[in-house]
Amino acid sequence: MTGWQRFFLLIVCIVGTLILWPQYDREGLTFMLMAGLLWTCVIVLLSVIINMFAIYKLEFLHRLISILFFGAVLVSLLYYFPLKGGDTPAKRMQNNQWPTLQDVREGMKRLTFNFDFVRRNVHRDANFINQKLDDASDTVKDIQKTAEKKKEVLDILVE
């Protein structure tokens, strides 16, 4: 297994954890970022050591190192990934609270982005960028009309 394959395996483990246990907050995302950086450094170190000592020539030892790496990544993510309420995925699995299909759907929804470049343009109501500014200009015009009416009523009363 090359360093790139280990890095891809790390990304798959991180995304899989985020999808299966979507009950995380900002602390969870920070943990995943820091864990990704840590494990990327470990991948670089493993690649250097494997190439320096020519471990890739001993297939069984190379596979054993790869399996140990995968196990260490999974254990660290499951035992230390903070969820809301102070739980971790490992504690939930020990209490027989396995991820449900609803959790997977919620996790997929949290990791998707809404980029619809084909149907979105500046003048459409579904556009998220200029929507608030357009509403604000309409509100300002309504307030100006109301103020002018109040001014006319006040002018009539003063005369």
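**Terms and cut-offs**

Me: Why is Gln23 called buried?
Reply: Gln23 has 18% relative accessibility, so Gln23 counts as buried (under 20% relative accessible area; exposed is over 50%, partly exposed in between; 1.4 Å probe, protein chains only). This is a predicted model, where local features need pLDDT of at least 70, side-chain atom pairs count only at pLDDT 80 or more, and totals for chains, interfaces and linings use all residues. Residues are numbered from 1 along each chain as its sequence is written, and side-chain values use heavy atoms, with hydrogens and water left out.

Me: What makes the pair Gln23 and Asp103 a polar contact?
Reply: Their side chains are 3.1 Å apart. A polar contact is a pair of N or O atoms within 3.5 Å; within protein, one must be able to donate a hydrogen and the other to accept it, and residues adjacent in sequence count only if both atoms are side-chain atoms.

Me: What makes H2 roughly antiparallel to H3?
Reply: H2 and H3 (residues 59-80) pack at about 165°, with axes 12 Å apart. That angle makes H2 roughly antiparallel to H3.

Me: Which residues of H3 does H2 meet?
Reply: Residues of H2, including Trp39, meet His62, Ile65, Phe69, Ala72, Val73, Ser76, Leu77 and Tyr80 in H3; contact means heavy atoms within 4.5 Å.

Methods
Axes are lines fitted to C-alpha atoms, for helices over the stretch in contact, and angles run from 0 to 180 degrees between N-to-C directions. Helices (H or I, at least four residues) and strands (E, at least two) are DSSP runs, numbered from the N terminus. Angles under 35 degrees count as roughly parallel, over 145 as roughly antiparallel, 65 to 115 as roughly perpendicular and the rest as oblique.
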